[in-house]
Amino acid sequence: MAIVCRKCGHKGTRAEFRFLGHVDSAGANTYRRCPKCEAAVVCDEVEIIDDESGKEVWGAGPLRGRVFTRKRKEA
Ligand SMILES: [Zn+2]
């Protein structure tokens with residue numbers, strides 16, 4: 001299951017969309033950055049996690065711990 005950017009429509013894998021941070025501290029949703037337009041895309045990790053399980057170490061990317069401060073857009 002691919003991630004689709006809601007802003008520009010770019011479609012890619014989780015490896016392409018860099019991990020930015022969690023939407024809610026206790027939630028499964030995360031922000032990822034579109035490689036094309038650099039918009040933040042909200043991803044449901046639970047929904048896509050079985051796609052590439054084992055390929056990526058959870059939360060161990062270079063952006064770990066960064067706080068993403070952009071205001072959340074209500075869809
Ligand atoms: Zn985009």
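## Strands and the sheet

A strand here is a DSSP run of E with at least two residues, numbered from the N terminus, and two strands pair if DSSP finds at least two bridges between them. With that in hand, look at the sheet: three strands form an open, antiparallel sheet in the order E3-E4-E5. Strand E3 (18–22) and strand E5 (40–44) stand at the edges with a single partner strand each, so one side of each has no neighbour in the sheet.

The model is a predicted one, where local features need pLDDT of at least 70, side-chain atom pairs count only at pLDDT 80 or more, and totals for chains, interfaces and linings use all residues. Residues are numbered from 1 along each chain as its sequence is written.

## How E4 meets E5

Strand E4 (residues 29–33) pairs with E5 in the antiparallel sense over five bridges. Find Arg-33 and you will see Ala-40 of E5 opposite.

## The nonpolar core

A nonpolar core is a set of buried Ala, Val, Leu, Ile, Met, Phe, Trp, Tyr and Cys residues joined through C-beta atoms within 7 Å; buried means that 20 or more other C-beta atoms lie within 10 Å of a residue's own, exposed means 12 or fewer, and partly exposed is in between, with C-beta atoms placed from the backbone. The largest such core has ten residues, among them Ile-3, Phe-19, Tyr-31 and Ala-40. E3 and E5 are the elements that give two or more residues to this core, and E5 supplies the largest share, three residues.

## A glycine in the loop

Gly-27 lies in the loop between E3 and E4. Gly-27 counts as exposed because it has 11 C-beta neighbours inside 10 Å.

Note on methods:
Helices (H or I, at least four residues) and strands (E, at least two) are DSSP runs, numbered from the N terminus.
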